[in-house]
Amino acid sequence: MRGQLLVFLLILLLLLGATAYVSIAQTNNNGKQQPRSLWDEPIRFSTKTKDLCTMVVSAAGNYTRLRVSCRNPSQATGRSYYCDFQGKPSLCRPYSTNPRHYFTQMMWELRKMKHACQGAKLYRPHMCRNYPDEAQMTFLTSWPKTSPPKQAKPVQDLPAQTKPIDTPKPMKPNKPKPGRSPQNKRTTPKTLMTTTLATEQPDSMASHLASEYCWKSLQGICAYFINWFQS
C-alpha cells in the first residue's frame, strides 16, 4: 500500500509541476499578446479575380491594425496573400459611432481590384474623407512581397540612316586620239609678233621695227641702220 501511495504522490507532483509550467508560460505570453479582433465576425468579400478575402481589425497600441487575408480556391491559381494596414481612425468622429461601417466602406474599394493588396497605399473611406491622413488606414506590409512592375524604358528614336555621300571620282585626262596632235597653247601677242618678224624678209622687218620704235621723220634712217645691223 505504501508503495502505491508513493507512486500516486509522484504522479501528483508531476502534474502540479506541469500545471505550474503552463501557467508561467501563459504569463510570459501575456506580455506579448497577439492582437485580437475587435469583433468576432470578420468582413468578407471577393475580388474581381474571385479571391476570397477576410478583413480582421485589431488594436496595436494607440493604432488600429487591419489585416486583409486572401486566397484563391482555384487549383490553377491557388494563390494566397495578406497585407496589413495601420492608422488612427478613432480620430474621425463618425468612426466612433459605427467603426465597422468605416471598414465596410474600405472593403467596397478593395473588392473592385484584381489583387486586394496591390491597390492604394492610403484608403480614405467616405465617412472620414475630410479628416487628415493620420485618421486613415495606411499600407504597412504585405506577404509575399511584390515588387512594383519595372517601367519600360522609353524607346529612343534611332537616327535615320543617311545615304553615303558619293564622292566625285577624279576625272581621268582625255587621251589624245590617234592621228590627232594635242592642241597647242594659245600664243601670246608678243610670241606671235616675234614669229611674224622672224619669217619676214630683212628689209620689211627693218621697216616694220622702224615704224614701231622710231619717229615718223626718222623711220627711213632707223630702217637702214636696223637692216645694216641684221646683215
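How many bridges join strand β4 (residues 80-87) and β6, and in which sense do the two pair? There are five bridges, and the pairing is antiparallel. Please keep in mind that this is a predicted model.

Let's start with the sheet. Six strands make up an open, antiparallel sheet, ordered β1-β2-β3-β4-β6-β5. The edges are held by β1 (43-46) and β5 (122-123); each has a single partner strand, so one side of each has no neighbour in the sheet. In general, the strands of a sheet pair through backbone hydrogen bonds. Here are two of the pairings:

| Strands | Sense | Bridges |
|---|---|---|
| β4 (residues 80-87) and β6 | antiparallel | five bridges |
| β5 and β6 (residues 137-143) | antiparallel | two bridges |

Tyr 82 sits opposite Trp 143 of β6, while Leu 122 has Thr 138 in β6 as its bridge partner.

Now to a helix. Helix α3 covers residues 99-110, and because its 12 residues should span 16 Å at 1.5 Å a residue, the 17 Å between its end C-alpha atoms agrees with expectation. Its buried residues are Tyr 102, Phe 103, Thr 104, Gln 105, Met 106, Met 107 and Leu 110.

Finally, the surface. Trp 215, Leu 218, Ile 221, Tyr 224, Phe 225, Trp 228 and Phe 229 make a nonpolar patch of about 920 Å². Among them, Leu 218 belongs to the loop between α5 (202-213) and α6 (219-230). Is Leu 218 buried, exposed or partly exposed? With a relative accessible area of 37%, Leu 218 is partly exposed.

Note on methods: Residues are numbered from 1 along each chain as its sequence is written. This is a predicted model: local features need pLDDT of at least 70, side-chain atom pairs count only at pLDDT 80 or more; totals for chains, interfaces and linings use all residues. Side-chain values use heavy atoms; hydrogens and water are left out. Helices (H or I, at least four residues) and strands (E, at least two) are DSSP runs, numbered from the N terminus. The expected span of a helix is 1.5 Å times one less than its number of residues. Buried means under 20% relative accessible area, exposed over 50%, partly exposed in between (1.4 Å probe, protein chains only). Patches are made of residues with over 30% relative accessible area and no salt bridge: like charges are joined within 9 Å, nonpolar side chains (Val, Leu, Ile, Met, Phe, Trp, Tyr) within 5 Å. Accessible areas come from the Shrake-Rupley method with a 1.4 Å probe; for residues, only the protein chains shown count as cover. A salt bridge is a side-chain nitrogen of Lys or Arg within 4 Å of a carboxyl oxygen of Asp or Glu. Two strands pair if DSSP finds at least two bridges between them.
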